Amino acid sequence: MSRPANQSGAYRGRYTEPVPTSNLGAMEEDFPEFEPFEDEVQPRGFIPAGEGLMVQQVDMCQQQNKPNHYTTAYDTGNLVVRRGQEFVVRVTFSRPLADGDDFQLEFLIGSNPSASKGSLVVVTFNSRHSGPWMGQILEMQGESVLLGITPTPDAIVGKFRTYVAISAGSGMQRTKRDTSTDLYLLFNAWCPTDAVFLPDGAERSEYVLNDIGVINQGSVGAVSSRNWMYGQFERGVLDACIHILDASRMPIFNRGNIIQLIRKGSAMINSQDDNGVLVGNWSDDYSMGKPPTSWTGSVQILLQYANTGVPVCFAQCWVFAGVFNTFLRCLGIPSRVITNFNSAHDNTGNLKTELIFKADGTPDRRNTRDSIWNYHCWNEVFTVRPDLPNGLGGWQVVDSTPQETSDGHFRCGPAPVAAIKEGLLCHPFDCGFVFAEVNSDVVYQKRDRYGTLTPYRVDKTYVGQCIYTKAVGSSATHDITHTYKYPEGSADDERTMSRAEEYGCARDHSEVPETQLSVTISCEQVGLGHDVNLAMEFHNQGDVPRTVQANLAGSVVFYTGVIATHFKDQPFSVTVPANQKESVMLTVTAQEYMPHLGAQLCLHFVVTGQADDQSLIASKVVDLQTPGLQMQVSGSPQVKQEMVVTVTFTNPFSFPLQDVYVAMEGPGLMNQRSHLYRVIESQASISWSETFLPRLPGPRRLVAVLNCRNLHQVSGLCDVHIAE
């Protein structure tokens, strides 16, 4: 006869019971309401109540606890507290406590809770031995008793069930299962003995409590920003984050370990090998889901995944980083989104990114395998690293964008930022991969007709030119490049690079000929649909004039550096006088590039040149600017008072916009709303209004995005201060 599914014997012979991996599953049969002591003879029936002590009510004191634990913003009916810090519970008994009365609080998480694994915690309030959590009686008023409970700073993080048990003669009499007394326990950045303790108060407010963010994008010299609504306090998000851990089958008793938890989270935010949250897509075909540019934040993504169990389509690096940031902050872990500009990828365990060119100097796209992303977003978390030598705690790189496997899963980190700066690539996890992203040399190779490669230029400064994050307390950009690397060419930088090579990251040692010719290319910001004016300046440091046979190549590229469409090759020549500079202006018309644009609004121009035996090259990334959405709010800016937000947009282009999707949301203000327009004709305008009731006071932000088949990356925002 077959065994029922819930009695699966897969664990037999290895564990006495299945390893608990579910926190949110139905746990209705924890304990019997009356549990006889094992060394007592069991009575034939229940002991009459008489004057026995009984529990009338259990109050989790949310109004008192939540402000003390900085959890008021969580939109849930249950108590949310942080570990390592006392919270209070008020228990009302059937009579005042007497000297001989003995009771305890029991906190359970997951199935088959065990005291030895930390998933069953008993808290006593007399001389009897207690579990690891501390308990004390703070106040007694008649039948009402105020209890203080302090979880350990390394307690399991998740959703606990709460019981009050009274010693009643031959056994323990417990309260009935009551979901209203369940509580969520989080990491605690305010507790000095918690692994994620962050000493600075302003940084705690930013990296744990701020539910809106700014993610830097664009390119070096033309940095743009995208507003991202983290929404870690919105209804259902905390349960969704715990559901991710359940879906990963992470053992309950490991969920207090910060390193294991963030490694599991890094793997689960992408769906590459574990049915995780997001499906990556770097093509122009998003027909089976939503374009990455159409998301306003993390909330809809997490709720959709929790409700369906199906990976959400689609994401690119900033979406992975934004959702991972929500997951981390929601669980109480200090975190931030980082953008590395000119980020090296596809490195085969070395510090060389090789770009290959044909004999005539034009790019050899077929034989170039490595790529340099215009930017790449990852996360940092703040935590101690007791597994590593002193000095390697603090900010750690974690990356959920699926690129390379780490211990068999597509994930990355935590890699100490301090170790990356010092070239200490021997320490876990994935330091070598991150080091290459910010420190690779760009080697320009020329390929002859026989396939032989000859290096003719090495650029040691192009990759990792700047590394940005959002500033604390404002939407400004904060440059943190100095935390990852020493100044290029300095003695400290050379020491770091040499140390990295000792740990197996091969550097480039090509000997390239010195050249007297060089070229730079520059361009002002360009709006979508406008001509691109490129200024190329050739510099001749030799004593004789030189005639350069040059070529300008233009392509539409993904932000990953991969070419979507090559649309232009323009040869030209220029004579540069000795010891002088010569400028050439070239115009690329909108008619040339517009037919080739898809979801990508990024152009890449490469100018190459040959003069006698000298080769020269320069490149420029041009991010096309899009018009914005206008947003305006009206009404009384006060909690639970109706307000109206209006989004307006005028199509400034000569072509109609088709199948237009507009969405807006604001954490603490309104859930995501969306609207569809079949067509917006050229020069036509739309106006869309929605009412909302603010939930949270203080400075809040509304964000809207517009996306359609022939226009992407259009957004707007509106800030409002909500009174209590």
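Guide: Contact means heavy atoms within 4.5 Å. Keep that cut-off in mind as we go through this predicted model.

Visitor: Which residues is Cys412 in contact with, leaving aside its neighbours within four places in sequence?

Guide: Cys412 touches Ser266, Val397, Val398, Asp399, Asp430, Phe433 and Val434, once neighbours within four places in sequence are set aside. Cys412 itself lies in strand β22, residues 412-416.

Visitor: Is Cys412 buried or exposed?

Guide: Buried means under 20% relative accessible area. Cys412 has 5%, so it is buried.

Visitor: Why is helix α8 described as largely enclosed by the rest of the structure?

Guide: Helix α8 covers residues 431-439, and seven of its nine residues are buried, so the rest of the structure largely encloses it. The buried ones are Cys431, Val434, Phe435, Ala436, Glu437, Val438 and Asn439. One of them, Val434, is also a contact of Cys412.

Visitor: Next, helix packing. What describes two packed helices?

Guide: Two values do it: the angle between the axes and the distance between the axes. Here, take α3 (residues 237-247) and α6 (residues 317-330). Their angle is about 100°, and their axes are 10 Å apart. Angles of 65 to 115 degrees count as roughly perpendicular. The two helices, α3 and α6, are therefore roughly perpendicular to each other.

Visitor: Which residues meet where α3 packs on α6?

Guide: From α3 come Val237, Leu238, Cys241, Ile244 and Leu245. From α6 come Thr326, Phe327 and Cys330. Sorted by type, the residues of this contact are seven nonpolar, one polar and no charged.

Visitor: Are Arg385 and Asp387 buried or partly exposed?

Guide: Arg385 has 4% relative accessibility, so it counts as buried. Asp387 has 42%, so it counts as partly exposed.

Visitor: What about Glu592 and Lys568?

Guide: Their side chains form a salt bridge, 2.8 Å from N to O. This pair links distant parts of the chain, 24 residues apart. Glu592 sits in helix α11 (residues 590-593), and Lys568 in strand β31 (residues 563-576). Glu592 is partly exposed at 24% relative accessibility. Lys568 is buried, at 10%.

Visitor: Which strands hold Arg701 and Asp719?

Guide: First, the bridge: the side chains of Arg701 and Asp719 meet at 2.6 Å, N to O. Arg701 is in strand β40 (residues 698-708), while Asp719 is in strand β41 (residues 711-722). The two residues are 18 residues apart. Arg701 is buried at 9% relative accessibility, and Asp719 is partly exposed at 47%.

Visitor: Which residues do salt bridges with shared partners join into one network?

Guide: Asp75, Glu234, Arg235 and Arg695.

Visitor: Last point. What pLDDT does the chain average?

Guide: The predictor's confidence, pLDDT, averages 92 over the protein chain. At least 70 is reached by 95% of the residues. Residues 1-9 fall below 50. Beyond near neighbours in sequence, that stretch has two contacts in the model.

Notes:
Residues are numbered from 1 along each chain as its sequence is written. This is a predicted model: local features need pLDDT of at least 70, side-chain atom pairs count only at pLDDT 80 or more; totals for chains, interfaces and linings use all residues. Side-chain values use heavy atoms; hydrogens and water are left out. Axes are lines fitted to C-alpha atoms, for helices over the stretch in contact, and angles run from 0 to 180 degrees between N-to-C directions. Helices (H or I, at least four residues) and strands (E, at least two) are DSSP runs, numbered from the N terminus. Angles under 35 degrees count as roughly parallel, over 145 as roughly antiparallel, 65 to 115 as roughly perpendicular and the rest as oblique. Ala, Val, Leu, Ile, Met, Phe, Trp, Tyr, Cys and Pro count as nonpolar, Asp, Glu, Lys and Arg as charged, and the others, Gly among them, as polar. Buried means under 20% relative accessible area, exposed over 50%, partly exposed in between (1.4 Å probe, protein chains only). A salt bridge is a side-chain nitrogen of Lys or Arg within 4 Å of a carboxyl oxygen of Asp or Glu. pLDDT is the predictor's confidence in each residue, from 0 to 100.
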